[in-house]
Amino acid sequence: MQIVGGGNVIELGLEDELHHQSDGDEHWQDSVVLCWWDFDNHVGGYHRIGIHPHRRQGPQAHLTNNFFAKDCVYKRCEFIPLRPEDSTRTKFGCGDGTCTFEFTDHAIWSFNQPEVSGELHVRDYHTPIDAYPKEGQLAEQLTAGHLEVSGSISGSITLNGKRYAINGFAFRDHGWGKRLWDVFVNHRWVAASFGPKMMMLAVTVQTTDDSITKIGCVIRDNKLTYTNHVDIVTYMDVDGITHRGGHVDLELSTGEKMHFDIVPFQKGVVSWMADQMSTTDTLCKITCGDSVGFCDFEISTNPGQGRHRPRVAVNGFIEDGLHLL
């Protein structure tokens with residue numbers, strides 16, 4: 001991959017896609033994430049499987065599994081005991097066979113439960129990269145190893161009895177190493193795909209060492225450009241945990257300035273992550289000039305360090321299950 005405007009790139013390959021070996025730390029985890037949207041069907045999803053081999057309760061998977069359609073939203077977030085078949089070199093299982101990630105020559109997600117079933121295939125638009133800093137509290141306790149890539153998504157999903165043939169955009173990541181959730185004070189994560197023409201990632205993280213890290217990059221035609229400046233504005237709702245969209249302003253290392261407007265497709269979901277913080281994921285339409293794509297606009301507001309679990313969400317669903325619209 002070519003770098004435009006200076007900087008270094010960490011390009012990742014097959015070994016980075018596979019399950020990583022634990023260092024034995026209680027907080028070590030290995031997680032895979034997929035967010036996607038099919039414009040024609042108005043269907044999308046946000047899925048995460050985190051493998052936690054050293055929890056005090058025993059080896060567990062943390063599953064976040066969410067689907068969005070015009071007539072319903074399905075949400076699920078819980079820890080499930082791990083089985084031997086859930087953690088192999090190529091496979092991440094959620095503990096009960098209802099959600100599985102596997103990497104062959106591409107990423108494959110499978111779903112098997114009464115509310116939703118099917119299989120999705122992600123084929124990358126560009127070389128996977130690691131865009132996160134490798135020093136400081138963020139690297140040591142949250143993002144030691146990371147992979148980001150956008151791609152196309154295809155396959156089929158049956159949600160609430162209705163089958164959809166999927167053809168859309170996707171963004172996926174893979175993170176391994178220590179993950180101390182209570183280090184988050186606030187964060188914003190905008191992971192966007194405009195199809196094969198462009199990928200955009202913008203992240204801000206406030207951590208308990210009172211630092212705020214801002215990172216971002218744009219990939220166009222397999223050419224990576226980092227940012228000098230990232231500004232993410234969130235239109236927060238009155239509950240303090242959900243939002244109504246926002247906008248992102250980037251100044252690239254080349255001096256180019258880019259503005260992105262973000263509007264939710266519908267209500268998001270609020271997940272209680274690792275019993276320590278609430279995280280809201282909202283799938284949105286994102287525009288930059290004439291370019292139109294989708295993004296997951298993920299936020300957390302955690303100044304209480306997990307002492308309060310929110311029970312009210314205005315523009316999102318907080319309880320697990322199938323929600324009819």
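Reply: Two strands count as paired if DSSP finds at least two bridges between them. Keep in mind that this is a predicted model. With that cut-off, β16 and strand β17 (residues 223–236) pair, since four bridges link them in the antiparallel sense. One place to look is V218, whose bridge partner in β17 is T225.

Strand β15 (residues 199–207) runs antiparallel to β16 (residues 212–220), and eight bridges join them. Here you can pick out V203, which stands opposite I215 in β16. β15 and β16 make a hairpin as well, with four residues between the strands; D210 is the one to check there, as its phi is positive, near 70°. So β16 meets the pairing cut-off with β15, given their eight bridges.

While you have the model open, have a look at R172 too, in strand β13 (residues 162–178). Its relative accessibility is 3%, so R172 counts as buried. The R172 side chain makes a polar contact of 3.0 Å with the side chain of D124. Setting aside neighbours within four places in sequence, R172 also touches a list of residues that includes E17, V33, F103 and E148.

Technical notes. Residues are numbered from 1 along each chain as its sequence is written. This is a predicted model: local features need pLDDT of at least 70, side-chain atom pairs count only at pLDDT 80 or more; totals for chains, interfaces and linings use all residues. Side-chain values use heavy atoms; hydrogens and water are left out. Helices (H or I, at least four residues) and strands (E, at least two) are DSSP runs, numbered from the N terminus. Buried means under 20% relative accessible area, exposed over 50%, partly exposed in between (1.4 Å probe, protein chains only). A polar contact is a pair of N or O atoms within 3.5 Å; within protein, one must be able to donate a hydrogen and the other to accept it, and residues adjacent in sequence count only if both atoms are side-chain atoms. Contact means heavy atoms within 4.5 Å.
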